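Colleague: I would like to learn how to read a few features of a model. Shall we take them one at a time?
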Amino acid sequence: MLATRIQIGLIAGLLIALGLGLTLYKAFSLGFPLVPGEYREVWTIESKVGFSPGDGPTEVALSLPAGSAGWLIIEEHFASSGFGFSVREEETVRRARWTRQSLDRPTTLYYKMQAYRPWDGQLDEIPVTESRRPMLEADQQVAMERLVAELRERSTNSGSFVELLVREFNRETPGQDTGFLLSTYEESAFDVMLAVLAWAGIPAQPLRGIALEDGRRRQTLSNLLEFHDGQRWRVLDPLSAEPGIPDDFFIWQRGDAAVLDVVGGRDSSLEFALVSNSLPARTVLAMEQRAQQYALLNFSIYSL
């Protein structure tokens, strides 16, 4: 009798453990809600590419986000009336291409997506490329060498070097060498920081994305500073030197490749409209599953 009770207890315990394991798996791996009425914050991001006609055929290429650092893209729509259109994987980056033989008026192309962030993920590790020193005039080179030497003297590693650099560039009154470089470069302060890091031999690149704000229109891409400390990629705010990726920052592209290329057009612009939506968790999960099936179908087509 006792043996029978023990067997029943063991079976019941195994069934409870199995049920609990399946519940946790569905909740944390598949995203199923644990309780009825759960909602997820889903962002609708609409990008608008505007340009005026130029000479010859028109080709527009827009880099598309892949979803990273915990973000998932669950729905995409493109508007390309009158244009040839395709989406291709080009050197690990998805790019949308619109083409047309002739154009006689200003045009706007649209790409709209929905995305949400089910977890706080980390950026994938990617290969480190060798930094190329910028071409400088003689006086710029002297200022660059002095600035790099000063920062190295005050820092202990790559991380503290980059943090000191960001703080130096955002001082109310920058130092003499910093001010000289900022005044003689025909680039933004962010690009000058990248040039200093390249001169110092620290791999760095822009991390382009959108600061999310509900109801915001005419938003543009902004930059975070991504650098390699010898072991891993790290991210800093180029204005405040705060580490990490903010929760309200949607990553669009890593690296310094052009996000938008327009051939046969002029006065091009890229703007975004942002809307935050609260959707039932089950609806979001169904959208995510459809997106995964669509991605698998496209991968099979591209592989043919």
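Colleague: How many aromatic pairs does a search of the whole structure find?
Modeller: Keep in mind that this is a predicted model. The search finds seven aromatic pairs. One of them joins Phe-78 and Phe-85. Their ring centres lie 4.8 Å apart, with 45° between the planes.
Colleague: Which class does the pair of Phe-78 and Phe-85 fall into: stacked, edge-to-face or tilted?
Modeller: Look at the angle between the planes. Under 30 degrees is stacked, over 60 is edge-to-face and the rest is tilted. At 45°, Phe-78 and Phe-85 are tilted.
Colleague: Are Phe-78 and Phe-85 buried, partly exposed or exposed?
Modeller: Read the relative accessibility. Buried means under 20%, exposed over 50%, and partly exposed lies in between. Phe-78 has 27%, so this residue counts as partly exposed. Phe-85, at 32%, counts as partly exposed too.
Colleague: What kind of pair do Tyr-111 and Trp-252 form?
Modeller: An edge-to-face pair, with 80° between the planes and 6.1 Å centre to centre. Next, check where the two residues sit. Tyr-111 belongs to strand E6 (residues 107-116) and Trp-252 to strand E10. They are 141 residues apart, so the pair links distant parts of the chain.
Colleague: Are Tyr-111 and Trp-252 buried or exposed?
Modeller: Tyr-111 has 1% relative accessibility and therefore counts as buried. Trp-252 has 4% and is buried as well.
Colleague: Which residues form the aromatic cluster?
Modeller: Phe-78, Phe-85, Tyr-111 and Trp-252 are among them.
Colleague: Now the chain as a whole. How many helices and strands are there?
Modeller: Six helices and twelve strands. Of the 304 residues, 38% are buried. For contacts, look at sequence separation. Among those between residues at least 6 apart, 75% join residues at least 24 apart.
Colleague: What is the volume of the largest pocket?
Modeller: About 1,500 Å³. Then ask what lies around the centre. The lining has 45 residues, and the closest to the centre are Gln-205, Arg-254, Gly-255, Asp-256 and Ala-257.
Colleague: Which elements give two or more residues to the lining of the largest pocket?
Modeller: Strand E5 (93-100), helix H5 (189-200), strand E7 (204-211) and strand E10 (249-254).
Colleague: How do the lining residues of the largest pocket divide into nonpolar, polar and charged?
Modeller: There are 23 nonpolar, ten polar and twelve charged residues in that lining.

Technical notes:
Residues numbered from 1 in each chain as written. Predicted model: local features only at pLDDT ≥ 70, side-chain atom pairs only at ≥ 80, totals over all residues. Heavy atoms only, no water. Helix = DSSP H or I, 4+ residues; strand = E, 2+ residues; numbered from the N terminus. Buried < 20%, exposed > 50% of the residue type's maximum accessible area, 1.4 Å probe, protein only. Contact = heavy atoms within 4.5 Å. 1 Å grid on protein atoms, 1.4 Å probe; cavity = no way out; pocket = protein on both sides within 12 Å on 5 of 7 lines; lining within 4 Å. Points joined across faces, edges and corners; volume = space filled by probe spheres on them. Nonpolar A, V, L, I, M, F, W, Y, C, P; charged D, E, K, R; others polar. Phe/Tyr/Trp six-rings, centres within 6.5 Å; stacked < 30°, edge-to-face > 60°.
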